[in-house]
Amino acid sequence: MAEIIEQEKGKKGGKRRPKKLSTRIDMTPMVDLMCLLITFFMLTTAFSKPKVMVITMPEKSKVDQPQVKIAAWRTLTILLTGDDAVYYYAGEANPRKPPLPDLIKSDFSKNGIRKVLLEKNKDLFRQIAEYREKRISGKLIVADTTADAAVKKMKKEDMKGPIILIKADEKAKYKNVVSIIDEMSICNIASYAVVDIFPIELEMLKNAPK
Amino acid sequence: MPKLKPPVRTPHIDMTPMVDLFSVLLIFLLLTASFRPQEATTITSPNSVSEKQAPDTSIMTIILNKEGKVFFNMDNGKDSTKHTRVDVLTEMGKQYNIKFTPKELYDFGHWASFGMPMVDFKKWLNAKDSKEKELLQTGIPTDSVDNQPSQLFFWVRFARLANPNAEVAIKGDGETNYKKVKLVMDLLQENKVNKFNLVTNLEKQEVTLKDLPK
């Protein structure tokens, strides 16, 4: 520790001279802090690896496969276009079966498309969120891999949640598509696909509310 | 009579040898740290809640900057005796009738991401300073010429042939036009790659049961 060496006391009764102090500062705490700082920076730079979002597309075969039939009552189509705009409509937009569904404008905020997705996916979301909360509160103790497999199974067996089709036009930005796929994972959507946009939908976008 | 011992004083430790060791350790770490080769372009990745980490080795990355230019990067794979980068460049050379010297191949083996048409490749490898190198990086052509697949298609194809276990990562800037990204994904699907890793920054979003609308 720092030490102050005092000179011997002056004669008693005599005039008191001011004591001459020489200070020697010990460097030990500073070196300790330096050591800690270096270790901290060494460890934290090692952890900033880029994260990835995995997406799997269905195989593209040269032969045109017949359109897979999906139940129109479960379908929600999300159209992405320029200026971070998100539009969605429920059901099928077939020009041969009028009337065309209404195109509703939304956005990427918490009260935007996320609210719509949560509303449609209430049951599955509740199921998965309750499972996750049980794990967090400690009522259920399973390994991470088991938990992932259980969530996957819940998603696979879900028969009532929405089927989302994500279509982006030429003005959409990459970050819009990444954000919407992110919302899929946040809202625990069981089935979604990124597909090509139809000409009828491009028409709908042109006439859409701004 | 026993000698009176002087009063015990707390020992003072001289810190000089420890600081010496410290500086030796620091210099050792500084010298053994290898510098990352310069990236071809800067990318601001979009955010996502995904926490999965990108693998370090056996991964090829297709980089799209916000102007839509395409760059490519691949590593030498998990086996340190293989030089997949050199193999891929040799194959590309054969495809486009360009002969590379052993020195050029060796330099390429240690470089990082790159992006320019094959005609400029030799010039780029032999460029003297980094500014000249940067000017030459105009992006890998993605359009097919004369019914021949594009250069990017061949890069991906030879990279997959050299390292069949390599995963494909797409590192795009948030502002990149989605059309270009779709083009790259279609090209990858033509190469029988259906699983992509999109590089993102972690941004946690908490959505719990109480956020559910009634």
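**Close-up views of a predicted two-chain model**

View 1. Although not a glycine, B:Lys192 has a positive phi of about 65°. The loop that holds B:Lys192 runs between helix H7 (178-190) and strand S6 (195-202) of chain B; helices (H or I, at least four residues) and strands (E, at least two) are DSSP runs, numbered from the N terminus. The model is predicted: local features need pLDDT of at least 70, side-chain atom pairs count only at pLDDT 80 or more, and totals for chains, interfaces and linings use all residues. Residues are numbered from 1 along each chain as its sequence is written, and chains are lettered from A and ligands numbered from 1 in the order in which they are written.

View 2. In chain A, A:Asp84 lies in the loop between strand S4 (75-81) and strand S5 (85-90). A:Asp84 is partly exposed, with 13 other C-beta atoms within 10 Å.

**View 3. Contacts of A:Val177 in the largest nonpolar core.** This core has 69 residues, of which A:Ile78, A:Val177, B:Ala159 and B:Val184 touch the most other members. A nonpolar core is a set of buried Ala, Val, Leu, Ile, Met, Phe, Trp, Tyr and Cys residues joined through C-beta atoms within 7 Å. Leaving aside residues up to four places away in sequence, A:Val177 touches A:Leu80, A:Ala168, A:Ala172 and B:Tyr178 (contact: C-beta atoms, placed from the backbone, within 7 Å).

Note on methods
A residue is buried if 20 or more other C-beta atoms lie within 10 Å of its own, exposed if 12 or fewer, and partly exposed in between; C-beta atoms are placed from the backbone. Two residues are in contact if their C-beta atoms, placed from the backbone, lie within 7 Å.
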